[in-house]
Amino acid sequence: MAFWFYRGLRKGIVTTRYPREVDPWTRDLPTPPAFRSSRLTRALADRLVAACPSEAIRREGEELVVDLGRCTGCGRCLAVGGEAVAASGEFLLATAERSSLVKRVPIGGDREARG
Amino acid sequence: MTVDGQARPEAADALAQELRRRALALFGRSLHIRTVDTGSCAVCESEIRLLSAPHYDLHRLGFFFTPAPRHADLLMVTGPAIRAADNLLLKAFHATPDPKAVIAVGACALGGVYGEDELVHGSVDQVVPVDVYVPGCPPSPLALLQGLLVAVGRLEERVASLSLDLDSDRRAAADGRPR
């Protein structure tokens, strides 16, 4: 608040500059997860599915299906997933197509362990 | 929709899309918003209220809140669409003059938190047609602003090209795309 007030006094600007640029504090927002497909195993995927309280993550065969629309950004998958899961940092997710919020991530960890 | 007795869904759909785009472009830089709460926990509302705070100042972008759906161009619907709110949601939807748009706000409204049962529909698009979905629990005011700008066609959506696979991102970067 003090920073905005100071910037406002200095430059005559009191508002966010969005949509021209995104505020730096948005780095701290809780965001949906992103995955390292080479570290994902089926066992880990099943633990992620069990950990997700809003059923945003499910497994379909060799793919992890993540519904960003259902994700609440609670971070439980980050706690379970270790190095395979990281925060995506994406929060500007508005879309006209519900289906474009459903993302598929291949589960590649098992394959690399075998080969 | 049938044209000359033949079903031509693609052509009709493209035409409807174009009409819709032109109607929303009509709103240009002045659009009035009515919020409808279908059983939300009120955190989405608190983020929506932040939009009119000095920092976000959505009036500079030509958006205004209105207390009545009859004065509104756009409905912002929050909450999991509890069945007890069907009547108010449909009344607000039909009272909003055409052309109109509906934005579903938050994980509840998108089907995230409550499954469909005898108390809730589970997502807003089960009750009214939704034009723009804004995920988040709650969505940040900037995410709401993006949703509004996407709804009137002033900003391109970016989630369609987003990949959640960090390894494929790295591979794509290593494949020699311009850095």
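This is a predicted model: local features need pLDDT of at least 70, side-chain atom pairs count only at pLDDT 80 or more; totals for chains, interfaces and linings use all residues.
Let's start with chain A. There is an open sheet of 3 strands here. The order is E2-E3-E5, and the pairing is antiparallel. As a reminder, strands of a sheet pair through backbone hydrogen bonds, either parallel or antiparallel.

Which strands sit at the edges? They are strand E2 (57-60) and strand E5 (102-106) of chain A. Each of these pairs on one side only. From one strand to the next, the twist averages 25°.

Now look at strand E3 of chain A, residues 63-67. E3(A) and E5(A) pair over 5 bridges, in the antiparallel sense. To find the spot on screen, go to Leu64(A).

Over to chain B, and to its backbone. Most residues other than glycine have a negative phi, and most peptide bonds are trans. Here are some exceptions.

Peptide bonds come first. The bond from Asp98(B) to Pro99(B) is cis, with omega near -5°. Where is Pro99(B)? Look in the loop between helix H3 (86-95) and strand E6 (101-105) of chain B.

Next, go to Cys137(B). The peptide bond from Cys137(B) to Pro138(B) is cis, with omega near -5°. Pro138(B) is placed in a loop of chain B, between strand E7 (132-134) and helix H5 (141-151).

Now to phi. Ala42(B) is not a glycine, yet its phi is positive, at about 85°. You will find Ala42(B) in the loop between strand E3 (31-37) and helix H2 (43-50) of chain B. Is Ala42(B) buried or exposed? Ala42(B) counts as exposed, because it has 12 C-beta neighbours inside 10 Å, and the cut-off for exposed is 12 or fewer.

Asp57(B) is another residue other than glycine with a positive phi, near 45°. Asp57(B) lies in the loop between H2 and strand E4 (63-65) of chain B.

To recap chain B: the bonds into Pro99(B) and Pro138(B) are cis. Ala42(B) and Asp57(B) have positive phi.

How values were computed. Residues are numbered from 1 along each chain as its sequence is written. Chains are lettered from A and ligands numbered from 1 in the order in which they are written. Two strands pair if DSSP finds at least two bridges between them. Helices (H or I, at least four residues) and strands (E, at least two) are DSSP runs, numbered from the N terminus. Axes are lines fitted to C-alpha atoms, for helices over the stretch in contact, and angles run from 0 to 180 degrees between N-to-C directions. A residue is buried if 20 or more other C-beta atoms lie within 10 Å of its own, exposed if 12 or fewer, and partly exposed in between; C-beta atoms are placed from the backbone.
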